Amino acid sequence: MSKSSGGNKISTVTRREVLKLSMAGVTAMALPSVRLDSEAGAVARKGRIHQSVSRWCYRGIPLDRLSQYAFSIGLKGVDLLQPEEYEVPRQYGLVCTMGYAGGGEIASALNDPRNHSSIEQAFRRNIPRAAKAGVPNVITFSGNRRGISDEEGARNTIAGLNRVKKIAEDNGVAICMELLNSKLDHPDYMCDHTAWGVRVIEEVNSPAVKLLYDIYHMQIMEGDLITTIGKNIRSIGHFHTGGVPGRHELDHHQEVQWDAVMQAIAASGFRGYVAHEFVPSGDPLTSLRAATDLCDV
């Protein structure tokens, strides 16, 4: 979870790796130093960027505690919850800003037609549940190439999204396909460039099908964040953050100028959510507060 001390090599942390960590070890790191005082109310934010926090980065902190703290520092929600968790943030004045709903796995999803039936069945079951809980977005993936050309994969992904888009439209929930890097964290992942993802979204042509633009992943693959986001904002439904390199705090140890990127997102008229998806290397709640302050432009 920390930068390597040998040479210039930087370690990165994935969702899967964090889920394998010892709960006891993470909890010991997570609990000190930050007081949760519900009577103090929430920090007032400017409201131009609607921020949330990704659950998997804080697995050692109980969800109700994380939700309470998120509310206290002016966040709007908690990202990447399972259906049985959708309702928890609402108890603390928040929403689940992005839910899992059975949209496949990172390596195996929409670009393989053999997955379309199971994804459709899961969405028919879970998207109405998301709508009932006020969840605005659910996540899906392209899947890995596995020898499939990008053209064939795009056609397959378009077909799969066309198959499920009415479920999302009818329930007022957006299906968001995530952009991930194939250079470092997810080798062979197909939706690894904005242009490929935008092509798919434009051909599906539904207000309920968008991209999840992960700033960490796209900085690694493409850079040119501000121009790319501005050009393609109509196809983007959600954002994730994460420091590059290493996927840690949004601080001076990494290369993205976050206040400028957030200013560009705000100027675009985007009204969705920006979820913090970095893995803290120090006190996690202190790091989350610092990121929230930085992105409150």
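Buried means under 20% relative accessible area, exposed means over 50%, and partly exposed lies in between (1.4 Å probe, protein chains only). This is a predicted model, in which local features need pLDDT of at least 70 and side-chain atom pairs count only at pLDDT 80 or more, while totals for chains, interfaces and linings use all residues. Residues are numbered from 1 along each chain as its sequence is written, and side-chain values use heavy atoms, with hydrogens and water left out.

**Exercise 1.** Decide whether Asp296 is buried or exposed.

*Solution.* The relative accessibility of Asp296 is 12%. This value falls under the 20% limit, so Asp296 counts as buried.

**Exercise 2.** Find which side chains meet Arg45 in a salt bridge, meaning a side-chain nitrogen of Lys or Arg within 4 Å of a carboxyl oxygen of Asp or Glu.

*Solution.* Begin with Asp293, whose side chain meets that of Arg45 at 2.8 Å, N to O. This pair links distant parts of the chain, since Arg45 is in the loop between α2 (23-30) and β1 (50-54) and Asp293 is in helix α10 (residues 284-295), 248 residues apart; helices (H or I, at least four residues) and strands (E, at least two) are DSSP runs, numbered from the N terminus. Next take Asp296, which forms a salt bridge with Arg45 at 3.6 Å, N to O. Asp296 lies in the segment after α10, so this pair ties together parts that are 251 residues apart in sequence.

**Exercise 3.** Classify Arg45 and Asp293 by accessibility.

*Solution.* Arg45, at 21% relative accessibility, counts as partly exposed, and Asp293, with a relative accessible area of 36%, is partly exposed.
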